[in-house]
Amino acid sequence: MQQIFNFVIKNKTFLLFLLLFSIALALTIQSHSYHRSKFINSANFLTGGVYGTMNSVDQYFDLKTTNDILTEENRLLREQLFNTSVTKDSSYIDSSYTKGQYRITIADLYKNSYSSTNNILTLNKGKNDSIKQDFGVMTSNGIIGIIDNTSNNYSTVLSILNVKSQINAKIKSTNHIGSLTWDGKSPIYVQLEDVSQFAPIKVGDTIQTGGESSIFPKGIGIGTITSFESDISGDTYTIQVKLFNDMTNIGTVYILENLDRAEIQSLEKNIDE
Amino acid sequence: MNSIAGINIVRFVLLLLLQVVICNHIDFLGYINPYIYIIFIFLFPIREDRLVLLLVSFLLGMMVDIFSDSGGVHAAAAVSLAYARPILLKSSFGMLYEHQTIKFSTTDIGSLITYISLGTVIHHFILFSLEIFNISNILLVLQKTLFSSIFTILLSVLIIILFSRNRK
């Protein structure tokens, strides 16, 4: 017994180091698995407050760019509005079915990050604005990521620039799907993996969301194909996708809630059983 | 004693804020960020108990982690640096450390740079290994370690020289 005490007292520095290091390591490993970064995340009162103050100063510096983006988006929306009113066959669309499937919330980006391999963003909307886990996040240009954690007033987003992120996507011209991942290298390019060899792929084609995951609606733009190569197995393509979004410069984002998600999930769960 | 504790608390808060508000968002050339909060660990009083240093370093690293959503990578790296500090001090300052008479404001600049460079490289290597967490990306780890270290060392030395009062 005496010896054990002596050992502990003699090596107390090393033992404390070991203890603290293992705590840190455990937290690190935990944060590497999807949806597990529960305790250590920036969706809390303290960090949200600091980032909020910072954002309120920061916003003034890119008012002009923000204006440009808004104008451009207005133009696009107007274009869509005019085009649909001309071509729409109103008898065809069942409005009670399609209307209002997605609820959209506007949020400010409080913390952007794109230099690490596990990028997580912070938004200024949380549970009080009925934001929950697994809502989609996008800008006018394309998708950003998926809501990971929420606190009362803030939420964190698992960015598409995160090696853990996997989002269903497809090639616009065909219906060949794949999963969108990131190799952690450049914030401009992401990878679309597991695309069937039967897909006709051309450099310059558009990649958009596939609508299979019930997080994003079908057809939101993601990026364009810059190059592609066969996998080692030879069955699938891995495609380099250049993002429409400049992930290094994001101000305001839209949070998408699929109101039918619970219904879709319960249906799929039934099939599984 | 109280004034030393006060200085260290102020330094802790200031460096933490400087790190999370400015330095985490520099992203020079896309991915190079300095991690200047480790200056706190470098300048921690030498006569203080090592256990205190370990605990405070862990706390500092954890705070940076919470702000940057990185799990526990900064905490792990900061604790390792704090643990390795006596060895670094001994190898860079030699006899001065053995007599417990180092004053960071009066030591000669060469030893100071050696001390900070060694510490920074160790800290950054652990930081990026844990952050990337993939042995096949070892080149990326080394690349990030190298470039971020250069940035951190430059800034740290400048900050230490700038804020030490009576350097000749």
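At which residue does helix 4 of chain B bend? I found a bend of about 45 degrees at Ala84(B), with a proline, Pro86(B), following within four residues. The bend at a residue is the angle between axes fitted to the seven residues ending there and the seven starting there.

A note on ground rules: this is a predicted model, in which local features need pLDDT of at least 70, side-chain atom pairs count only at pLDDT 80 or more, and totals for chains, interfaces and linings use all residues. Residues are numbered from 1 along each chain as its sequence is written, while chains are lettered from A and ligands numbered from 1 in the order in which they are written.

**Entry: more on helix 4 of chain B**

I use DSSP runs throughout: helices are H or I with at least four residues, strands are E with at least two, and both are numbered from the N terminus. Helix 4 of chain B covers residues 73-93, and its end C-alpha atoms lie 29 Å apart, which agrees with the 30 Å that its 21 residues should span at 1.5 Å a residue. The expected span is 1.5 Å times one less than the number of residues. I also saw that 15 of the 21 residues are buried, so this helix is mostly covered. For me, buried means 20 or more other C-beta atoms within 10 Å of a residue's own, exposed means 12 or fewer, and partly exposed is in between, with C-beta atoms placed from the backbone. After the helix comes Gly94(B), with a positive phi near 60 degrees.

**Entry: Thr152(B)**

Is Thr152(B) buried or exposed? Thr152(B) is buried, because 26 other C-beta atoms lie within 10 Å. I located this residue in helix 7 (residues 138-163) of chain B. Beyond its neighbours within four places in sequence, Thr152(B) has contacts that include Pro34(B), Tyr35(B) and His124(B); contact means C-beta atoms, placed from the backbone, within 7 Å. Ser117(B) is 35 residues away in sequence, and its C-alpha is 8.8 Å from that of Thr152(B).

**Entry: the barrel in chain A**

In which order do the six strands of the barrel close? I read 1-2-5-4-3-12 in chain A, with antiparallel pairing. Strands pair if DSSP finds at least two bridges between them. Strand 3 (residues 136-138) and strand 4 (residues 143-150) of chain A are joined by three bridges, and Gly136(A) stands opposite Ile146(A).

**Entry: strand 11 of chain A and its partners**

I followed the side chains along strand 11 (residues 236-243) of chain A. Strand 8 of chain A pairs with strand 11 of chain A in the antiparallel sense over six bridges, and Ser196(A) has Thr236(A) as its bridge partner. Strand 10 (residues 221-230) of chain A is joined to strand 11 of chain A by seven bridges, also antiparallel. These two strands form a hairpin with five residues between them, and Gly234(A) in the turn has a positive phi of about 85 degrees.

**Entry: two aspartates in chain A**

Most residues other than glycine have a negative phi, so I noted the exceptions. Asp134(A) has a positive phi of about 75 degrees and sits in the loop between strand 2 and strand 3 of chain A. Asp194(A), with a positive phi of about 60 degrees, belongs to strand 8 (residues 189-196) of chain A. Asp194(A) is partly exposed, with 15 other C-beta atoms within 10 Å.

Notes. Two residues are in contact if their C-beta atoms, placed from the backbone, lie within 7 Å.
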